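Student: I have a sequence and a model open side by side. Could you take me through the fold, the core and the cavities?

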Amino acid sequence: MKVPFNIEFSLKRSIRAIATAVCAVVLTSGAAFAQDGAGETESKLMVGFKSGFNLADMRNGATDYFSQQRGNGKEFAPQIHVFGRYNFTKWVGAELELGWVQNAFTTYSNTQTTYRTNNFQANALVNVRIPVLSVYHPRLYIGPSYNYNAYVYGRQTGSAFGYNFDQTYEVTNDFKPHDFGVVVGTGLQFDVKFATLLVDARYRHGLSKAVNTRGSSVNSVSPLTNTSSISDVALMVGLGFSL
C-alpha cells in the first residue's frame with residue numbers, strides 16, 4: 001500500500017510544532033524560576049506533559065545499542081507524553097505516563113530505507129528523588145514500558161537501471177504490534193511561579209522482537225533479522241502542575 005507524501009510532510013510539521021512547544025516552555029519558564037522555601041513541602045499529586053525527541057536504533061540480538069548494526073542508522077523522531085505522579089513521601093513516588101512515540105531508523109542495502117514506527121506508549125515508573133540539597137530536585141526513575149505499534153511506513157530512495165526513485169509505503173504488518181521494554185532515566189525539576197519545569201533524559205530498552213517473519217524468511221526489512229528489537233535514548237522537557 002503506497003502512502004501519500006503528505007504524511008511525510010505532516011510528520012515534519014508535527015516535529016516543528018513539538019520543537020516550538022519545547023522552546024516556548026524553556027524560554028517562558030527560564031524567566032520565572034523561584035527559590036525553594038525552607039519550609040516548603042511538595043504536593044502529593046502532580047499532572048502534566050513532557051515532549052521532546054528520541055534517537056532510536058534497531059538492535060540485532062544482544063548487541064550494544066551504541067554500536068553500528070549491519071549498516072543500520074539511528075534517526076531522530078518526536079514523542080509526547082501526559083503523566084500523573086503520586087508522591088508517597090518527599091523522596092519516593094509512582095508515575096504513570098501515556099503518550100505517542102515515533103521511532104525511526106534507516107537500513108542500507110542496494111537502497112536506503114527509513115522506517116518510522118508510530119506507537120502508543122504506557123510507562124509505569126518508580127520515581128526516586130536523590131537526597132542532595134539542591135533547588136533542582138534531581139531524580140532517578142525506572143519501570144516497565146509497553147508500546148502498541150499502530151502504524152509503520154518506510155521511505156525508500158535509491159536508483160536502479162538508470163532511474164532514481166523515492167517511494168513511501170506502509171509496512172505495519174512487517175512489524176509486531178506489541179513491544180515490551182524497560183525505561184531507566186534521570187531528571188531535574190525546577191520550581192517556577194506557575195508550575196514545575198521538568199527536564200528528563202532516558203533510555204528505553206526494547207525486550208520484544210520487533211520484526212515479523214514470513215516462513216523461514218524475513219519480511220521487507222531485509223537487512224534485519226527476527227531477533228531484532230528497538231531501543232532509544234530520549235530527551236524531553238515539560239511542565240507539571242500540583243493538585
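The turns below go through the model by topic.

Student: What kind of model is this, and how are residues numbered?
Tutor: This is a predicted model, in which local features need pLDDT of at least 70, side-chain atom pairs count only at pLDDT 80 or more, and totals for chains, interfaces and linings use all residues. Side-chain values use heavy atoms, with hydrogens and water left out, and residues are numbered from 1 along each chain as its sequence is written.

Student: How many helices and strands are there in the protein?
Tutor: Helices (H or I, at least four residues) and strands (E, at least two) are DSSP runs, numbered from the N terminus. Along the sequence the pattern reads α-β-β-β-β-β-β-β-β-β-β-β. The count is one helix and 11 strands.

Student: Over how many bridges do strand 5 and strand 6 pair?
Tutor: Two strands pair if DSSP finds at least two bridges between them. In their hairpin, two residues lie between the strands, and Phe-161 takes a positive phi near 55°. Tyr-153 stands opposite Glu-170 of strand 6. Strand 5 and strand 6 (residues 163-170) are antiparallel, and they pair over eight bridges.

Student: Is Ala-210 buried or exposed?
Tutor: Buried means under 20% relative accessible area, exposed over 50%, and partly exposed in between (1.4 Å probe, protein chains only). Ala-210 lies in the loop between strand 8 and strand 9 (213-214). Because its relative accessibility is 11%, Ala-210 counts as buried.

Student: Which residues does Ala-210 touch, not counting those up to four places away in sequence?
Tutor: Contact means heavy atoms within 4.5 Å. The C-alpha atoms of Ala-210 and Phe-180 are separated by 9.8 Å. With residues up to four places away left out, Ala-210 touches Met-58, Asp-174, Phe-175, Lys-176, Ser-228, Ser-229 and Ile-230.

Student: Which residues make up the largest nonpolar core?
Tutor: A nonpolar core is a set of buried Ala, Val, Leu, Ile, Met, Phe, Trp, Tyr and Cys residues joined through side-chain atoms within 4.5 Å. The largest has 10 residues in all: Met-58, Phe-105, Tyr-115, Val-152, Tyr-169, Val-171, Phe-175, Ala-210, Val-211 and Ile-230.

Student: How many residues are in the second core?
Tutor: The second core is separate, and its members include Phe-190, Val-192, Leu-197 and Leu-239. The number of residues in this second core is five.

Student: How much space lies in the largest cavity?
Tutor: A cavity is a set of points, on a 1 Å grid over the protein atoms alone, where a 1.4 Å probe fits but cannot get out; lining residues have an atom within 4 Å of a point. Grid points are joined across faces, edges and corners, and a volume is the space filled by probe spheres set on the points. The structure holds three cavities of 30 Å³ or more. The largest holds about 80 Å³.

Student: Which element gives the largest share of the lining of the second largest cavity?
Tutor: The second largest cavity has a volume of about 70 Å³, and its lining includes Lys-50, Arg-85, Glu-95 and Asp-200. Strand 5, strand 7 and strand 8 (196-206) each give two or more residues to this lining. The largest share is three residues, from strand 7.

Student: Why does Thr-89 count as partly exposed?
Tutor: Thr-89 is found in the loop between strand 2 (73-87) and strand 3 (92-108). Its C-alpha atom is separated from that of Arg-129 by 9.8 Å. Thr-89 counts as partly exposed because its relative accessible area is 43%.

Methods
On a 1 Å grid over the protein atoms alone, a cavity is a set of points where a 1.4 Å probe fits but cannot get out, and a pocket is an open set with protein on both sides within 12 Å along at least five of seven lines; lining residues have an atom within 4 Å of a point.
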